[in-house]
Amino acid sequence: MRESGPAMFRSRRHPRRGAAAVEAAVTHPILVVIAMGTIETCSVIFTKQALQSAASECVRAAAKPSATTTSVGDKLNQFAARRNLANVTLTMTPANPATLRPGDTLTVRVSLPYDGLGFIVSTFSQSDVSAECTAVKSF
């Protein structure tokens, strides 16, 4: 004869004892890796946006009539200090904004190595995060 009542429920629960612990042990590392990857991806996106803003500010500074290579570099250093960015490099084309005439095009490229951005990003990427901005000198 079949058991009924509380004894029946006890016998059904017994084979599944510890199943939640095993499921948690399998899924938690996967969720942690996904969360860490999301955080590092957001960090790269934030840095890319910061570099785009830096390139924009630098090209604006380089388009001024009194602009020099040093003044544009100082502008980048000020921006990098505000955003806690280290090892930021500046490339201008042409290299000296003082030689620009009205109507000439100036391109500023700002880049940062992936090394300082995080473990996952620096492990799987060999290039730099960079941003570029172009302007035409109008005065």
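## Ground rules

The model is predicted, so local features need pLDDT of at least 70 and side-chain atom pairs count only at pLDDT 80 or more, while totals for chains, interfaces and linings use all residues. Residues are numbered from 1 along each chain as its sequence is written, and side-chain values use heavy atoms, with hydrogens and water left out.

## The overall picture

The protein has four helices and three strands, taken as DSSP runs numbered from the N terminus (helices are H or I with at least four residues, strands are E with at least two). Reading from the N terminus, the order is α-α-α-β-β-α-β.

Of the 139 residues, 28% count as buried, meaning under 20% relative accessible area with a 1.4 Å probe, protein chains only (exposed is over 50%, partly exposed in between).

## The sheet and its helices

The three strands make an open sheet in the order S1-S2-S3, with antiparallel pairing; two strands pair if DSSP finds at least two bridges between them. At the edges sit strand S1 (89–93) and S3, each pairing on one side only. S2 and S3 are joined by nine bridges, and Thr107 stands opposite Thr134 in S3.

Two helices lie across these strands. H2 lies across S1, S2 and S3, at about 30 degrees to S3, while H3 lies across S1 and S2, at about 140 degrees to S1. Axes here are lines fitted to C-alpha atoms, for helices over the stretch in contact, and angles run from 0 to 180 degrees between N-to-C directions.

## The nonpolar core

The largest nonpolar core holds 25 residues, and Leu51, Leu85, Val88, Val108 and Val110 touch the most other members. Such a core is a set of buried Ala, Val, Leu, Ile, Met, Phe, Trp, Tyr and Cys residues joined through side-chain atoms within 4.5 Å. H2 gives the most to this core, with eight residues.

Beyond its neighbours within four places in sequence, Leu51 is in contact (heavy atoms within 4.5 Å) with several residues, including Leu85, Val88, Val110 and Ser111.

## A closer look at Ser111

Ser111 lies in strand S2. Why does Ser111 count as buried? Because its relative accessibility is 10%.

The side chain of Ser111 also makes a polar contact with the side chain of Thr89, at 2.6 Å. A polar contact is a pair of N or O atoms within 3.5 Å; within protein, one must be able to donate a hydrogen and the other to accept it, and residues adjacent in sequence count only if both atoms are side-chain atoms.
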